[in-house]
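Take a moment to look over the chains and the ligands. A short walk through the structure follows.

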Amino acid sequence: MKKFVLTGQVVNNKQISNGIYHMAVHAPQIAEAAQPGQFLHVKKPDGANFLRRPLGVADVDKSQGTVGIMYRILGKGTTEFSRMAAGDELSIVGPIGNGFVLKDGQPLIVGGGMGMAPLIYLADMLKDKKPIVLIGGRNKDEIFWQEYMKKFTDRIYVTTDDGSAGVKGFTTTLLPQLLQKNVVDDIYTCGPDIMMRGIAKIAYEYGKTCQVSLEKRMACGIGVCLGCTFPGKQSGRRRKVCTEGPVFPAEEVF
Amino acid sequence: MEKKKISLAVDIGKLHLKNPVMGASGTFGFGREYEDFLDVNEIGAIVTKGITPLPRAGNPGVRIAETPSGMLNSIGLENPGLDVFIKEILPEIKHYDTPVIVNISAGTVEDYAKMAYALDIDGVDALEVNISCPNVKEGGIVFGTDPKSAAAVTKAVKGHTKKTVIVKLSPNVTDIAVMAKAVENAGADAVSLINTLTGMAIDINKRTVLLGNVTGGLSGPAVKPVALRMVWQVAQAVKIPIIGMGGIANGEDAVEFLLAGASAVAVGAYNFIDPAAVKHAADGIEAYMESNGICNLLEIIGKVKVQG
Ligand SMILES: Cc1cc2nc3c(=O)[nH]c(=O)nc-3n(C[C@H](O)[C@H](O)[C@H](O)COP(=O)(O)OP(=O)(O)OC[C@H]3O[C@@H](n4cnc5c(N)ncnc54)[C@H](O)[C@@H]3O)c2cc1C
Ligand SMILES: Cc1cc2nc3c(=O)[nH]c(=O)nc-3n(C[C@H](O)[C@H](O)[C@H](O)COP(=O)(O)O)c2cc1C
Ligand code: FES
């Protein structure tokens, strides 16, 4: 799949929750090409940080030629992004990697924390199938993702660690019940490794396909530095998260 | 008046380069990865990721850390090994109309010699002998910090290949000119410098080191002044050509290295920021030559004036 290096103009950059931002960037070639689960490697031109930052594609508007990213302020790079305004320029390499494989069966989407960002675009692409969505967060402030997901489905379940919203516990607490109650064929997940490991285990027990989206420190994002590799369990080969992933079948990872 | 034709061509040993800018080992993959961003046939040369006799998985843990104006890496020479390189990768890249320079590392002089012999084949245009990887014992750093060992590796490689032999030097030494002279005397056709500088980074909030391997190799714009100084010092000490690298981001940086005495240059970490950086650097050199009325690279190489 062709990758581009280009400069996109910021259309909109606003806080959508505590410390979490949504930025829409005008970049028609990327909007045209981006698949759910792929990411962009971005940098503010002449910004303070040396390396680019990997951020998942959260939404796409082909008619406007825009692509959206959602990010949590974590350090220097994301702080700098949060200060950008409409009209500013963002340097982008992308779209990068292999996203989710959209299967034919009934989808169940499971996300934890910032892992929800790429899953919004995935839900959009799967909306005709009315995906079941399971959102996990530490507390009720972390599950604002429902606002975005409800455009694509009305079957949304929520868990919080502290029980301040939805079911008290983790996504893995609720998943077996969901699988018993609903028809589900395929599971798509993105979030902390420990969560995805648990989801993958349950998916395996119930005989469902499961795709996981990985995060690794990246320098190049184009498969040359080997900063992001891991030993593939099923293939026995070393896999590059940036170009062969970030999405892999769960069996290859856990 | 007719415009004089500018030539960016330069020779390194038996290697003929269309232009003096190559992609540095470990930052350019096997060249193919850049096809979306530039015409690989138009760059000076491809230097492959470091190849070792056997496949290597590399170092565990986090392998990348950012630093002011640069980065640390502790990849640890992850590579598919010599056999897979020859059987699967070389056939796919030898068609490029640009030289392929194979970067090799090993743990013993004999293994360097064996690799040189195995790579004395069609499609390989030169060997870059890495005696300077700071991240693994087998990366040759033991050879890269002792002039006698460096000379022994150079001699062994030269004795087993007809290709141009470039020895890649480490900056992690007291006097790099001594190392350069040692490998020149042992028959090296050229030297390349610098490999990464050993460094480390700490997360003060977690009070942990950032890299899985504790230390890593520093590169990027942060190291440019060090690299430039070393190229200049080595240029005073040897007659063989120098390939300069360390923090090059554009044509202006490249011209600095040429003026300091490098006959060619390589772009490393900056490829991660601008995946067309190798092409942009070559264009930048050409623009500099044009605006200064220079037709031939030889008019710049080593021509820095020292005031005194
Ligand atoms: C494929 C992929 C998709 C991602 N998608 C999103 C997303 O949609 N939304 C979001 O909020 N975050 C996402 N992340 C994580 C995001 O890249 C980091 O939060 C961000 O790079 C932190 O940068 P910083 O400068 O603020 O932090 P710093 O800690 O100052 O960053 C320093 C260095 O670490 C790297 N880094 C730090 N954390 C991570 C991390 N978790 N993963 C990879 N590199 C990291 C940075 O690139 C940089 O090189 C994604 C990561 C990957 C690998
Ligand atoms: C991620 C990474 C991997 C590298 N791997 C190798 C290698 O395998 N062999 C080698 O000789 N040099 C390796 N290098 C060193 C570079 O080729 C180059 O000498 C160094 O990075 C300085 O150039 P720069 O500042 O432009 O990056 C590596 C550098 C980086 C950043
Ligand atoms: S980030 Fe460089 S190979 Fe994946």
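The paragraphs below start at a ligand, then turn to the protein chains.

A word on the source comes first. This is a predicted model. Every value below is computed from that model.

Begin with ligand 2. Around ligand 2 there are 23 residues. Among these, B:S25, B:K168, B:G220, B:G247 and B:A269 come nearest.

Now look at the oxygen atoms of ligand 2. One oxygen lies 2.7 Å from a polar backbone atom of B:S25. At B:A269, a polar backbone atom is likewise 2.7 Å from an oxygen of the ligand. At B:I194, the distance from a ligand oxygen to a polar backbone atom is 2.9 Å. How much of ligand 2 does the protein bury? On its own, ligand 2 would expose 610 Å². The protein buries 98% of that area. The space that ligand 2 takes up is the largest cavity.

Stay with B:I194 for a moment. The peptide bond between B:L193 and B:I194 is cis, with omega at about 10°. Where does B:I194 sit in chain B? Its place is the loop between β10 (190-193) and β11 (197-200).

Chain A has a cis peptide bond too. That bond joins A:G94 and A:P95, and its omega is about -10°. A:P95 belongs to strand β6, which covers residues 89-96 of chain A.

Another backbone feature of chain A is found at A:K130. Its phi is near 50°, a positive value in a residue that is not glycine. A:K130 lies in the loop between α3 (116-125) and β8 (132-137) of chain A.

Over all chains, the count of salt bridges is 23. One of them links A:E32 and A:K62, with 3.9 Å from N to O. Why does this pair tie together parts that are 30 residues apart in sequence? A:E32 is in helix α1 (residues 28-33) of chain A, while A:K62 is in the loop between β4 (53-61) and β5 (66-72), so the bridge joins these separate parts of the chain.

Terms used: Residues numbered from 1 in each chain as written. Chains lettered and ligands numbered in written order. Predicted model: local features only at pLDDT ≥ 70, side-chain atom pairs only at ≥ 80, totals over all residues. Heavy atoms only, no water. Near = heavy atom within 4 Å. Polar contact = N/O pair within 3.5 Å; in protein donor to acceptor, adjacent residues only side chain to side chain. Areas by Shrake-Rupley, 256 points an atom, 1.4 Å probe, with all protein chains shown as cover. 1 Å grid on protein atoms, 1.4 Å probe; cavity = no way out; pocket = protein on both sides within 12 Å on 5 of 7 lines; lining within 4 Å. Sits in = over half its atoms within 2 Å of the grid points. Salt bridge = Lys/Arg side-chain N within 4 Å of Asp/Glu carboxyl O. Helix = DSSP H or I, 4+ residues; strand = E, 2+ residues; numbered from the N terminus.
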